[in-house]
Amino acid sequence: MYGSRAWTTATSPKARSEASLLTQRRRHMHPSFFRMGPSALCITCLLMVGFMAVLYLSQVGQVVAANHQLQDIRNAQAALERQNQDLVDTLTREQSPAYIAEQAQKMGLGPTMPPLGVDPKNLWVVQVSHLQEMGQGDGPLQP
Amino acid sequence: MSIELRRARSRQMVIFFLGCGGMIILLGRLYYWQVWQSGSLTRLANSEHIQNQILNAPRGLIYDAQGHLLATNVVRDDVYITPLQFASDFTDNYPTELSTEIHALHQVLPSVSEDQLRKDFGFSLQAVRVAEQIDPGQSQRLRNLHLPDTFLEPQTWRVYPSGDLASQIVGYVQDGKGIYGLEAKYNTLLAGKAGSFTAETDLNGNPLTVGASSEQDAVKGANLTLTIDSFMQYFVQTSLQDAIQQLDAQSGTVIVLNAHTGAVVAMAGYPTFDPNHYGDFADQKGCIGSEDVYLNPALFCDYEPGSTMKAFTMAAALDQHIITPDTSINDPGYLNFSDGTPTVHNWDDEGYGKETMTQVLQHSANVGAATVATWLGPNRFYPYVERFGFGQPIGLFQPEDPGGYRTNTSVGWSESDLTRQAFGQSITASPLQVVRAYQAIANSGVMMQPYLLASINDNGHIVTTQPQMLRRVISAETSQTLTGMLISTAEYNHITLPGYSIAIKTGTATTQGLSMDQTEASVAGFLPASNPQFVILVKLDRPQKTIYGGTAAGPLWRTIAQQLLAHYSISPDQSQ
């Protein structure tokens, strides 16, 4: 880009003198970066390397922090899953027929015939005419 | 060149060669570590900072027909102590710290004595397990205490929230592998597929997201849904246990099948076991002939079906149009054979005189059944025995004893075998085979394959079991006629339920070599007889208070039938 502009400018010799043209061309071709002395250049490079290192370490630090967060989340997830399993286990135990029967007995409820049935001698079946069956009537049951 | 210069050159050369030698040695050493030992050193280094973890797949769950859990998984902690580390951490005041630590541990784990803990701390070991599978509350208390050199190790355990409910169907898991029952049969499906996780770790062993890592997810096991109804299963189990205790019997089996589909609604054996504590039952015997309480008696414990077999003899003769329900014979109470076949006696040695085939079933007359068998002959009797499924395994799960019998093609067969098989002797069958054969009678002569598994949910891929027809055993007409005879038998035996028709046959089997009062009392049948919904078999081994099928197993059969009718809201099929 610099070169292109320089050559474009150089194509108008009538406007400027040859010396000023050369100076101008040098200025365009050598920006301030190249005009640095070796010490300044070294310091600048060191600063840039240092800056890059700080940037990298900062990124790594963020990743490590994120990693810790991820670990915490995973641990929390495992704890919740474990808690959920325990709750499901407790719920199932308390819904099991044996538990319900035990609790019913503790409450003073009991079967009329062991363990839960009704004595057929005391059972009356009342026939109600004109009743319609619910569901599919003769179809097989799906226990 | 002067001598001094030459000496100097020589010294320089010596130093040069010494330097070269040193360099060669160093290079050799470098080669040894960097190339020769590279593999092992890399492995050692990787083992320090790369974690290779196996991700266990959660075992599939088992549900009953209503979606109640029968088998699930929980995580429980094992408690470890590190005696050597503890000793090095508390060198100055070891006895005091040890007493404090032991006291604190004992407070949380009262089942572990202080003496035992002191003994465990005395071991010169890196780690010692002091308690296994502790409660979640205990785990939390230990975590809160922050005891030094004590840590918790989580372990996944298989648990059965309903305890012994359907335990002889479900089986149990030991060291991650299904043992017995459905846990064993479907172990591969239930177990799933373990995954793996490899990553670099930090000092605490936590995996780092920075750096190379690879993860292969575990595939969790398939969930199984059974045909078992937990409520009926519980009712059947507790009723069976009560009956066995009341009658002072040795063991027993009850099976309830869906008459149309062959689905197992309930299947109970007694004695049984709690799969959560299976080790406690290792010394307990199961049914007769079984040394193991873990085996399912419905499949494994075959027996002589006794008089329940007479229904099949009648079925064969009706189907062959040899008899009708009104065909009559003269029953003097015994039957002699001219070819030397041993005389057949009725169970009560009574002679009933002229009796119809229906009355043969009502009286449970051996003479009548043996007579019908001789009319049929072996060529027409045995094909029916085979079609009813005797001697053939059912394949619900292993182990199974399919029983057996001799036919006219077997070595050593005689006419005596035929006549005795007609009333359930000289033939053995599992309870499930007997109830399956009655299911064929109930289902208009069509036998269905009994099944326990309603569906498999393999990570979203659901496979539902369709009822499978095995074969037509007898014609629908024969089935209907025989059902009528079995209804009469139920009424004769006073096994009735108001409003419902019941079709049953009782059985009282004795074993050769044992006294006649050591019986296997059973009742098999179905209801409502006009439109059968359930087939039930009750079998009690060696009842002492009363020894006959009708009086020992009959009341239990009726109790279970009544509960089924109420539970499934089956309408009465008879007016009172």
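Trp413(B) counts as partly exposed because it has 16 C-beta neighbours inside 10 Å; the class lies between buried, with 20 or more other C-beta atoms within 10 Å of a residue's own, and exposed, with 12 or fewer, the C-beta atoms being placed from the backbone. This is a predicted model, in which local features need pLDDT of at least 70 and side-chain atom pairs count only at pLDDT 80 or more, while totals for chains, interfaces and linings use all residues. Residues are numbered from 1 along each chain as its sequence is written, and chains are lettered from A and ligands numbered from 1 in the order in which they are written.

Trp413(B) sits in the loop between strand 17 (404–405) and helix 16 (415–421) of chain B. Helices (H or I, at least four residues) and strands (E, at least two) are DSSP runs, numbered from the N terminus. Leaving aside residues up to four places away in sequence, Trp413(B) touches Arg406(B), Thr407(B) and Asn408(B), where contact requires C-beta atoms, placed from the backbone, within 7 Å.

Chain B is assigned domain 1 (3–36), domain 2 (75–158) and domain 3 (230–567), with bounds from an automatic or database domain assignment. The C-alpha centres of domain 2 and domain 3 of chain B are 57 Å apart.

An open sheet in chain B is formed by 3 strands in the order 1-8-9, with antiparallel pairing. Strand 1 (50–55) and strand 9 (213–216) of chain B are its edge strands, each pairing on one side only. Two strands pair if DSSP finds at least two bridges between them. In chain B, 4 bridges join strand 8 (residues 195–200) to the antiparallel strand 9. Ser196(B) stands opposite Gln216(B) in strand 9 of chain B.

Notes
Two residues are in contact if their C-beta atoms, placed from the backbone, lie within 7 Å.
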